[in-house]
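Here is a short note for someone opening this structure for the first time. Please read it with the model at hand.

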Amino acid sequence: MAKAVCVNGHKRPAGAGEEAGGRQAARKRRKADGGRGPEEKSSHLSAALFGEDCEISHDQLYELLKYAALGKCHNATQPSWCRIYHQRHLAGVVVIVLHEMSQLHFYKFYLQFKHLRKLFRHRFTLTPSANFLASLYGEGANLKPQNTAQGLTSTSSQCIPKSSDLQCDPIIRKYGEKKRGLTSYTLTLEEQKKNDYPIKGSPGCKGYIDTECDQQRTDSSPLFGLDCEMCLTAKGNEVTRVSLVDAQGQCLLNELVKPESTVVNYRTRFSGITKKMLLPVKTRLSDIQTRLKKILPHDAVLVGHSLNADLQALEMIHPSVIDTSLLFARNEGRRFKLKFLAKAVLGKEIQCEQKLGHDPAEDARAALELAQFFIEQGPAKVAELNLEMLLTTEKLAEVSQKKAVLQPQGCRVQKQLNEPPHLSKPCFSLSASFLDCLQVTGQKPLLLGRQEMDSSGLCQSNLSTSNKQILQRALEDVPLSTFSIIQFSLGPEYIASHLLAGLYEKVRSKLTDMLTIYAGPFEESFCLKSVKKEFGKCGPIQSLTVVTETYQPYVCIQYEVLEAAQLAVESLNGAEVAGSCIKVQRPITAGMLDCDVWIKELELDVENEGVIYVAGLKESLTEMDLQEEFSQLKDLETLFLPKDLQSGKHRNCCFLKFQKSQSALDALEVINGWSVKGSKLRSRNALASGHLWRWIWQVNHSNGKQGGNILYEKMEQLSDSEQDLRKKVKKLDHHIKKLYRSLQNNTLCIVLFPGVNRSRFQIWPRPFKKRPYRKQNLLQPFSSITFPQHF
């Protein structure tokens with residue numbers, strides 16, 4: 001949704017189809033996440049914005065994105081307006097941008113956005129911005145090398161850690177400074193359990209093959225490097241290539257493996273495996289297991305990077321392992337990538353982008369050499385490399401070089417092609433954009449869309465020609481990225497000013513009619529004051545007009561909130577008011593033929609779950625009085641007392657939000673007919689959330705008060721362009737559902753309606769003489785935030 005933010009913080013339960021392949025799917029996620037074990041806690045977001053507080057600024061949205069993507073490890077702080085729990089468990093952040101769409105489009109096509117409404121629980125209005133997308137992507141980094149003199153090398157005092165700093169290094173804290181034998185670096189049984197290694201006798205390892213290498217290890221036991229490449233099959237993650245190298249780096253095994261199930265995704269970009277490569281292969285997993293058992297001596301020590309994922313995929317148990325992702329320890333449980341360690345420690349380039357996928361023999365050899373380096377040099381020498389500094393420098397240098405390509409006259413960091421990376425450490429000052437911050441932390445944002453979204457060249461950017469193509473690319477690439485921005489568009493032909501003006505007028509007219517009821521007939525000499533008093537018990541009245549064109553007088557009443565009009569229709573139709581038995585109904589227009597459908601969908605909207613509307617309050621009652629009166633209601637979470645946005649006075653109604661839906665239903669039975677300080681209350685389920693309530697108020701005041709003059713639409717068919725637009729919105733809603741359903745558990749998902757370009761079309765509320773309300777663009781941005789919840 002437009003930038004209103006919708007958030008669901010529930011952990012995805014396993015569906016019926018996940019039971020058989022759930023273990024393999026979990027391994028797939030762990031492999032992609034650096035081999036970490038299963039998380040006990042799920043990420044979720046708590047946003048206590050309700051009623052008038054349903055508006056956030058772009059800075060507040062930026063706070064959310066920054067903390068979600070970077071976390072405390074990179075000095076990001078919790079957002080001021082909401083809270084993310086268990087941020088470090090987040091699998092990724094996905095921002096879906098609906099180009100040139102605003103709140104207007106959401107309300108106009110409310111029924112067409114069927115899936116979006118069901119999936120996104122919370123929606124917030126965003127304050128208008130001159131360039132919303134620019135504020136989302138950031139202003140760009142100002143990278144300037146400082147002190148890049150030729151003498152700046154690894155011996156520079158600016159870059160080598162002091163001895164006091166070494167004591168704080170996570171490697172020193174874990175292993176101390178003295179050299180040790182290889183047995184000091186093998187994982188203990190507890191460490192293996194914690195990092196999801198297959199353990200003999202554990203419930204999840206039933207049917208796994210034991211290497212039977214049970215001889216006691218010594219510091220002279222042989223090391224073997226192991227690495228596997230996997231493809232995604234109907235079963236889950238299955239091995240398709242296995243490599244084993246000995247201590248001298250010689251390849252002992254480098255085999256393709258035929259998976260048991262049909263391949264769903266070859267992941268050629270990473271695995272290097274293609275369909276053609278596997279066609280002639282006869283080797284199965286059982287063959288590889290047998291060969292590995294024969295090759296490995298009884299005191300073998302296996303070395304690998306996140307080796308747990310490889311052993312899980314091989315379905316093998318080995319008691320003695322060195323995991324280089326854990327050996328080169330970092331703070332906060334983070335891990336260095338194998339590619340970075342090979343370059344920073346060994347001076348080797350692996351996993352080059354020019355190659356098709358990873359070479360498992362190359363990766364196995366790199367992991368083995370890293371372990372040998374660590375054992376031979378000792379923890380102190382490794383800590384002196386200052387890997388954290390090197391990582392930051394490398395990322396900043398990449399950003400700087402890419403910026404320099406776009407700005408040839410800017411500074412470039414010159415690198416000697418044959419110089420080991422740990423021999424040069426330029427330092428930088430950074431005024432970073434959001435995307436640059438991601439780059440520095442090793443995250444490469446994914447940008448997909450039909451519009452040019454970013455000119456920095458820092459991102460994996462792809463321009464597609466249709467929303468369908470964007471969706472297909474997103475389904476493939478989003479799981480491989482920790483931060484993605486996916487932009488869909490209706491096309492330039494649907495944002496023309498005349499079409500937007502027509503859409504706005506239809507929405508304004510429909511909302512006006514939904515807020516309006518006709519009551520009557522009354523006697524010629526009826527008391528208008530009595531009518532106003534009775535109908536005022538349903539909620540705040542904006543205008544009341546006597547209709548005299550009929551044989552007997554009727555009264556046209558326009559309310560300020562949808563709930564009041566609906567309550568009047570439900571409770572006063574057929575009632576006796578001012579001495580007459582009256583009929584209460586809404587205007588009959590073409591736009592109102594689906595009014596009952598709208599009311600039903602609004603009532604069932606997840607955003608209104610657990611929220612009820614209460615009318616009939618005396619205006620003399622304060623919020624404290626109401627809190628005291630309603631305190632006995634079970635599970636009451638929040639009370640919202642609407643105010644006139646011009647005068648600041650509260651209205652004679654309020655909204656109550658409950659923690660549980662059943663508690664809200666129970667409260668309805670209690671409150672109806674309840675008397676508060678002599679005032680009889682009426683209540684019903686809520687229809688309009690805070691952002692809609694505010695938007696309706698703006699519509700009512702955009703062209704002055706409408707009085708009792710109701711706009712009637714002629715019974716005309718929609719124009720071809722509007723019919724086509726409905727179909728496109730419906731298809732776009734389906735794209736959002738499909739993309740949302742593909743997201744893995746613990747992914748923060750945000751949908752933005754960034755707003756219509758003001759140069760094309762804008763409608764401002766009329767200015768007030770007293771206490772003017774801050775101007776708001778009725779085509780302003782709107783957003784929804786959620787975590788995937790699969791049913």
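Predicted model: local features only at pLDDT ≥ 70, side-chain atom pairs only at ≥ 80, totals over all residues.

The points below cover surface charge, cysteines and backbone geometry.

1. Look at the surface charge. Arg-269, Lys-337, Lys-339 and Lys-444 gather there in a patch of positive charge. One of them, Lys-339, sits in helix α14, which spans residues 338-346. Its relative accessible area is 32%.

2. Turn to the cysteines. The count of disulfides is zero, with sulfur atoms within 2.5 Å as the rule. Cys-231 has a relative accessible area of 0%, so this residue is buried. Cys-251 is at 37% relative accessibility and counts as partly exposed.

3. Check the peptide bond between Gly-520 and Pro-521. This bond is cis, with omega about 0 degrees. Pro-521 belongs to the loop between β19 (516-520) and α21 (528-536).

4. Check His-86 next. Its phi is near 60 degrees, a positive value in a residue other than glycine. His-86 lies in the loop that runs between β3 (83-85) and β4 (92-99). With a relative accessible area of 30%, His-86 is partly exposed.

5. Asp-196 also deserves a look. Phi is positive here, near 60 degrees, and the residue is not glycine. The loop between α8 (189-194) and β7 (209-210) holds Asp-196. Is Asp-196 buried or exposed? Asp-196 counts as buried, because its relative accessibility is 13% and the limit for buried is under 20%.

How values were computed:
Residues numbered from 1 in each chain as written. Heavy atoms only, no water. Patch = residues over 30% accessible without salt bridge, like charges linked within 9 Å, V, L, I, M, F, W, Y side chains within 5 Å. Areas by Shrake-Rupley, 256 points an atom, 1.4 Å probe, with all protein chains shown as cover. Salt bridge = Lys/Arg side-chain N within 4 Å of Asp/Glu carboxyl O. Lys, Arg positive; Asp, Glu negative; His and termini not counted. Charge placed at Lys NZ, Arg CZ, Asp CG, Glu CD. Helix = DSSP H or I, 4+ residues; strand = E, 2+ residues; numbered from the N terminus. Buried < 20%, exposed > 50% of the residue type's maximum accessible area, 1.4 Å probe, protein only.
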